[in-house]
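Reader: Here is a model to go through by question and answer.

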Amino acid sequence: PPASQNNEQGSTLRDLLTTTAGKLRLGSTDAGIAFAPVYSTGAASGKSGRTMPNILDDIIASVVENKIPPNRAPKTNLKSEIKDEPKDDKKCIQDDCSKRYSDIQYSWICDKHVLWLRDHKNSNNWKLFKECWKQGRPVLVSGMHKKMNFSLWKAESISLDFGNQQADILNCKDSIISNTNVKEFWDGFEDVSKRQKVKNGETALLKLKDWPSGEDFKAMMPARYEDLLKSLPLPEYCSPEGKLNLASHLPGFFVRPDLGPRLCSAYGEFPHKCSSVAATKDHDIGTTNLHIEVSDVVNILVYVGIAKGNGVLSKSGVLKKLEEEDLDDLLRKRLKDSSELPGALWHIYAGKDADKIREFLQKIAKEQGLEVLPEHDPIRDQSWYVNKKLRQRLFEEYGVKTCTVIQFLGDAIILPAGALHQV
């Protein structure tokens, strides 16, 4: 609201930033700089000579020192809600935390690198999530499909409603992209005999390229959009209106990354998002190559189809292939649970290992006789799916361990920005 209509300093992040922006002096030497223009001039720097201040620090400092009336309690008193949390974050992560979070059903997987929240309905999940999130660790929340209208996400339902749409389809085997009618993709989703063939007669491993996404998703699929939003895990963080969802509360004049949602659908062994479980001859092909996202990501596996046709492994065969992966005991136990349906295989790496992985992939490229240009970045270009042999070499030669996660139907995987992953 205009400043004239807002005589009292707001307590939400949006209020604090927008009302402070108009009151602070641009270019002063104290903590009074907010939303400086994205350029550097003498006028902007003022007498202090500061050409590009740390804007967020300045805003926070000024708000804390000058702008919050002492007689007004904030609407959302997070401090009171988390006052019993430990000061030593790392100690909490390494310890069992069973006494502090005894009311939360959770486990640690991947050598305590990933938090698994097993009851999506627990309203206190966010408290333990926050402790894990501070450490930049991925989080898995299971059972999200139980909150969703499953009929909306079936392949045949999407094909029936939107089969006449055009979209970019990627063949993951040769990286060739074609624009075609999406009905062709969905017809082959669970029937291998209806899938496209490539020149050598092999069946194409297809992926719909983020169709639909963002505003197109909301406009094209309003019922599915609403179903997805009401089913998001940890709504305090993931919901567009979540009190801890920073991106949603920033003023509109900030440039934001594409926050989605987007639908990712693919054939193949263990594809991304909506998946159709079939088998390729090896694990050298992924439907999503190794890459980094610029924002935090929530990925929910909303549907898993069992492909039928010649050359397709049975479900037991798929499980056997998965058991060959470097899995911890809890994931192996889930594989043996007949009520669980695996749909995607993830390999995740911490952001701090990005430089080592980049150097390793450039070395492998040279070994394979590939040209490595100075401007080439194997992670940015998403040009590699790191197979089992290479993952072993990465560990032996660089000390970088792979975190292997199986995503089952209804699992939400939450990744912090900067975490490397392939699917």
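Reader: How many of the 10 residues of helix 6 are buried?
Author: This is a predicted model, in which local features need pLDDT of at least 70 and side-chain atom pairs count only at pLDDT 80 or more, while totals for chains, interfaces and linings use all residues. Residues are numbered from 1 along each chain as its sequence is written, and side-chain values use heavy atoms, with hydrogens and water left out. Helix 6 spans residues 125–134 and is largely enclosed by the rest of the structure, because its buried residues number eight. (Helices are DSSP runs of H or I, at least four residues, and strands are runs of E, at least two, numbered from the N terminus; buried means under 20% relative accessible area with a 1.4 Å probe, protein chains only.)

Reader: Which residue with positive phi follows helix 6?
Author: The buried residues of helix 6 include Trp-126, Phe-129 and Trp-133. After the helix comes a residue with phi near 70 degrees, Gly-136.

Reader: Why is strand 13 largely enclosed by the rest of the structure?
Author: Cys-403, Val-405 and Gln-407 are buried on one side, and Thr-404, Ile-406 and Phe-408 on the other. Strand 13 is therefore largely enclosed, its buried residues being six of the six.

Reader: Which residue of strand 13 is the bridge partner of Leu-345?
Author: Strand 12 (residues 342–349) pairs with strand 13 in the antiparallel sense over six bridges, where pairing takes at least two DSSP bridges between strands. In strand 13, the partner of Leu-345 is Ile-406.

Reader: What share of the 423 residues in the protein is buried?
Author: The protein has 16 helices and 15 strands. Across the protein, the buried share is 48%.

Technical notes: Buried < 20%, exposed > 50% of the residue type's maximum accessible area, 1.4 Å probe, protein only.
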